[in-house]
Amino acid sequence: MHTDLVAALDIGGTKIAGALVGGDGSLRVRAQRPTPAREGAEAVMGAVDEVLGELMASPLWSAARSVGIGSAGPVDAAAGTVSPVNVPGWRAFPLVERVHKTADGLPVALVGDGVAMTAAEHWLGAARGHDNALCLVVSTGVGGGLVLDGTPRPGPSGNAGHIGHISVDLDGELCPCGARGCVEGIASGPNIARRALENGWRPGPDGDVTAAAVAVAARAGDPVAIASYERAARALAAGIAATATLADLDIAVVGGGVAGAGDVLFDPLRRSLREYATLSYLRRLTVAPAVMGTDAGLVGAAAAAIALRR
Ligand SMILES: [Zn+2]
């Protein structure tokens with residue numbers, strides 16, 4: 001029986017997850033550590049080594065043929081380095097070389113977390129069977145990835161599809177990236193909550209001021225909460241429409257914590273998309289919620305490693 005496995009790593013600002021993944025995308029062995037994001041480069045790498053060490057202690061490790069890494073970005077896939085915004089100790093950190101060394105010299109593939117999520121949704125999730133797709137992660141930030149002509153396309157640096165920093169408001173607010181009116185500055189969870197608060201929404205007795213709390217208020221009919229989600233939906237729709245118009249897409253898959261708002265986000269998103277994606281060849285464009293959940297990063301990292309072996 002064919003039992004080749006891939007060791008997958010999902011590296012984020014709060015946790016480092018690892019798994020041995022089967023050729024069918026099943027997660028066989030898992031390991032996880034918190035990311036010591038405020039500590040130095042070696043402390044963070046120490047946590048990665050602990051996760052890998054736990055996977056390597058499994059009797060299944062002998063079947064591992066490669067390692068796939070999905071990391072918070074930006075990443076530089078060509079150089080094998082990562083500089084995650086939320087992990088200040090890592091700037092141009094040579095993650096591929098270090099993991100290669102720890103993992104018995106196995107080949108290592110690196111992609112950004114948005115690209116990993118996209119690979120997972122295309123392999124086994126909501127974009128399965130779609131040859132031209134944009135997948136978005138809408139949470140603290142807004143990331144994404146592209147599938148073109150049936151294949152996830154990370155681009156030479158591993159960041160293609162990073163829709164969060166497309167400008168949809170020419171004279172909009174300055175973004176930390178240096179541009180103005182970026183999708184992320186309007187549609188991310190913290191920005192949905194900030195806009196609601198600025199316009200008079202107040203949290204309930206629990207004091208929860210997250211986008212999830214704004215979604216609860218929107219569902220209960222609060223007009224300020226509804227308006228904040230509608231503006232986020234318009235920004236996402238404009239970004240998706242621009243991408244779909246350029247790349248001739250079939251589907252946009254939206255995941256991440258903000259997608260958990262359900263119809264509060266998806267109803268205005270579908271409505272706005274009809275306003276912005278107007279050309280005849282975009283009539284087939286649909287929007288769907290992501291289905292791979294929190295394992296998308298691991299499954300997508302495994303998909304990237306399998307693609308490397310081909
Ligand atoms: Zn930006």
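Trainee: What makes strand β2 (residues 15–22) largely enclosed by the rest of the structure?

Mentor: In this predicted model, a residue counts as buried when 20 or more other C-beta atoms lie within 10 Å of its own. Six of the eight residues of β2 are buried, so the strand is largely enclosed by the rest of the structure.

Trainee: How do you know that strand β1 (residues 5–11) is paired with β2?

Mentor: Pairing requires at least two bridges between two strands, and β1 and β2, which run antiparallel, are joined by seven. One of the residues involved is I11, whose bridge partner in β2 is I16, and the two strands are connected by a hairpin through three residues.

Trainee: What makes β2 and strand β3 (residues 27–34) a pair, and what lies between them?

Mentor: Seven bridges join β2 to β3, and the two run antiparallel, which is to be set against a requirement of at least two bridges. L20, for instance, has V29 in β3 as its bridge partner. The two strands form a hairpin with four residues between them, and in that turn G25 has a positive phi of about 85°.

Trainee: Why is the largest nonpolar core said to lie between domain 1 and domain 2?

Mentor: The largest nonpolar core has 107 residues, and those with the most contacts inside it are I69, L134, V214, Y229, L236 and A302. Helix α7 (residues 223–247) gives the most to this core, with twelve residues. Domain 1 (5–116 + 295–309) and domain 2 (129–291) both give residues to the core, so it lies between them.

Trainee: Which residues does V214 touch, leaving out those up to four places away in sequence?

Mentor: A contact requires C-beta atoms within 7 Å, and with residues up to four places away in sequence left out, V214 touches I192, A193, A196, W201, A225 and S228.

Trainee: How do you know that the radius of gyration of the protein agrees with that of a compact globule?

Mentor: For 310 residues, a compact globule would have a radius of gyration near 19 Å, and the protein has 19 Å, so the two agree. Along its principal axes, the C-alpha trace spans about 55 × 45 × 35 Å, and buried residues make up 50% of the 310 residues.

Trainee: What share of the contacts between residues at least 6 apart in sequence joins residues at least 24 apart?

Mentor: Among those contacts, 64% join residues at least 24 apart, in a protein that has nine helices and twelve strands.

Terms used
Residues are numbered from 1 along each chain as its sequence is written. This is a predicted model: local features need pLDDT of at least 70, side-chain atom pairs count only at pLDDT 80 or more; totals for chains, interfaces and linings use all residues. A residue is buried if 20 or more other C-beta atoms lie within 10 Å of its own, exposed if 12 or fewer, and partly exposed in between; C-beta atoms are placed from the backbone. A nonpolar core is a set of buried Ala, Val, Leu, Ile, Met, Phe, Trp, Tyr and Cys residues joined through C-beta atoms within 7 Å. Domain bounds come from an automatic or database domain assignment. Two residues are in contact if their C-beta atoms, placed from the backbone, lie within 7 Å. The radius of gyration is taken over C-alpha atoms; the globule rule is 2.2 Å times the number of residues to the power 0.38.
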